[in-house]
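Please open the structure in your viewer and display the whole chain as a cartoon. The tour moves from the overall fold to a single side chain.

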Amino acid sequence: MIKSLLLKLKEALISVAPVALIVIVLSFTPLVDFSAKELVVFSVSAVLLIIGIALFNLGADLAMTPMGEHTGAGLTKSKKLVVLLSVCFVMGVLITIAEPDLSVLAGQVSAVMNGTVLIVTVGVGVGLFLLLAVLKIVFRKNLSQMLMFFYMLLFALCALLMSGKAEFLPLSFDSGGVTTGPITVPFIMSLGVGISTTIGGRNSNENSFGLVALCSIGPMLAVTVLALLSKGSMQYQLPDFSIEANLGIGMWKTVLETVFDVTKALGLIALFFVILQFTVLKLPKAKIIQIVIGIVYTFVGLVIFLTAVTVGFMPIGFKMGQEIAGDGKILLAVVGLVLGAVVVLAEPAVHVLNKQVEEVTGGGVTKIEMMIALSVGVGLSIALSMLRIIFKFSLLYYIIPGYMLSLGLSFFVPKIYTAIAFDSGGVASGPLTSGFILPLALGACSVLWGESAVMEFAFGIVAMVAMTPLITIQVLGFKAVMSAKVRAKITMKRILSADDEQIIYFDRGE
């Protein structure tokens with residue numbers, strides 16, 4: 001266990017170090033002016049972030065992934081489709097309602113939407129789409145066709161939203177990334193692996209992916225419908241992002257709120273798993289002890305991680321956005337490109353995804369390839385989002401061509417790359433994106449255009465982070481296909497051009 005923890009700490013250090021290093025280097029330039037207190041708080045938060053990510057990843061290996069796999073496999077072996085679908089629907093609703101990031105989203109739209117109604121509606125949306133994702137695995141339906149249909153439906157609703165409530169549009173797309181958080185992603189992904197592996201078939205590896213992709217569409221459709229039905233306009237007010245707001249009593253308040261949110265989220269998953277253990281699974285005692293230990297690691301890791309993001313990273317991100325935007329607009333896009341490329345390395349669920357992809361594909365898609373594709377995609381998404389803030393244009397100018405390209409590529413690359421790509425979109429837009437990159441955008445937009453423009457032009461950055469990996473990872477798949485074809489042609493050419501003298505004729509003894 002100690003050896004595994006040390007390995008996770010090493011991985012987390014490699015992930016967080018680039019982000020921390022960039023911030024510290026910028027503090028010695030004229031671009032930003034951080035106080036000594038801000039740098040100390042940020043540095044301590046970076047150390048805590050490393051510890052939190054390491055504990056979370058270890059907990060995911062010990063608890064979240066096995067829980068999902070055993071749940072999926074156990075329910076599938078019961079051969080009762082109604083039970084499988086019912087449990088998955090309830091699980092999707094409960095886990096989504098408990099996701100901490102969703103509560104934050106509900107608080108931001110409370111001026112025009114009832115927070116409870118929003119949370120429950122989004123939860124039901126995720127539950128329904130998790131049910132659809134399970135049906136996709138059971139009946140081996142084409143993921144690309146399902147994604148095409150539901151995204152076309154989403155774009156049609158967006159056209160209606162543009163007629164008078166355009167400020168809600170970025171929020172609708174951001175909701176897809178918010179609800180696939182660090183608690184839900186490992187569980188949902190491993191659930192798909194458990195179901196797909198138990199059902200079997202030659203495409204079982206491919207079918208195990210795609211659950212996160214489908215579960216990301218439900219919230220976007222739900223929030224879009226709620227926006228169409230809501231009355232009034234969004235009156236957004238910037239929160240207090242100062243370091244002082246989260247120190248002293250404020251820090252204890254943040255810690256307690258984080259503990260409550262994480263307890264609620266993990267508690268619902270654990271309670272549901274206990275019920276399944278006594279009714280369906282009946283796992284051995286040793287496995288249950290391992291899962292309990294893993295839940296403890298996950299709990300402690302998430303509390304430390306989320307607290308560090310709130311206390312140290314959100315204030316620094318907001319101030320960086322304000323000061324860099326004041327110095328130069330184009331520089332803002334360059335900094336966004338660099339930060340985006342390294343921030344994704346520190347997202348906890350990304351490491352869970354990359355490990356699972358490498359295992360399921362048997363090394364066909366390596367962790368390094370995945371990380372490069374994600375870094376390039378997220379870096380480009382942040383840079384493009386900063387350009388949108390600078391020039392003030394609609395998110396649809398990115399979203400519609402981006403998703404059309406993504407969906408178009410899905411017909412030309414191996415299906416497993418499509419499934420992995422759309423899962424990666426939900427995973428990449430994790431808590432560090434909303435806790436560091438989004439405040440960066442809020443700070444930049446508030447300086448350039450004022451608080452009234454924040455809802456329409458700063459929000460949507462999470463949606464961009466969720467979209468660009470769909471393209472980069474499928475391009476990776478397209479490259480793999482083309483390379484295989486080139487190698488096959490070269491091999492065939494060598495065979496056909498082989499000289500007769502190179503052929504060995506054996507004496508048959510006649």
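The stops below begin with the whole chain and end at one residue.

This is a predicted model, in which local features need pLDDT of at least 70 and side-chain atom pairs count only at pLDDT 80 or more, while totals for chains, interfaces and linings use all residues. Residues are numbered from 1 along each chain as its sequence is written, and side-chain values use heavy atoms, with hydrogens and water left out.

**Whole chain.** Colour by secondary structure: the protein chain has 20 helices and 0 strands (DSSP runs, at least four residues of H or I for a helix and at least two of E for a strand, numbered from the N terminus). Along the principal axes, its C-alpha atoms fill a box of roughly 95 × 60 × 50 Å.

Next, switch to a surface view. Of the 510 residues, 57% are buried (under 20% relative accessible area, with a 1.4 Å probe and protein chains only). Among contacts (heavy atoms within 4.5 Å) with a separation of 6 or more, 87% join residues 24 or more positions apart.

**Helix H20.** Select residues 461–496, which form helix H20 and include Gln-474.

**Gln-474.** Now show this side chain: is Gln-474 buried or exposed? Gln-474 is buried, its relative accessible area being 0%. Its side chain reaches the backbone oxygen of Ser-406 at 2.8 Å. Finally, select its contact partners beyond four places in sequence, among them Ser-406, Leu-409, Val-413, Tyr-417, Phe-422 and Pro-469.

Notes. Buried means under 20% relative accessible area, exposed over 50%, partly exposed in between (1.4 Å probe, protein chains only). A polar contact is a pair of N or O atoms within 3.5 Å; within protein, one must be able to donate a hydrogen and the other to accept it, and residues adjacent in sequence count only if both atoms are side-chain atoms.
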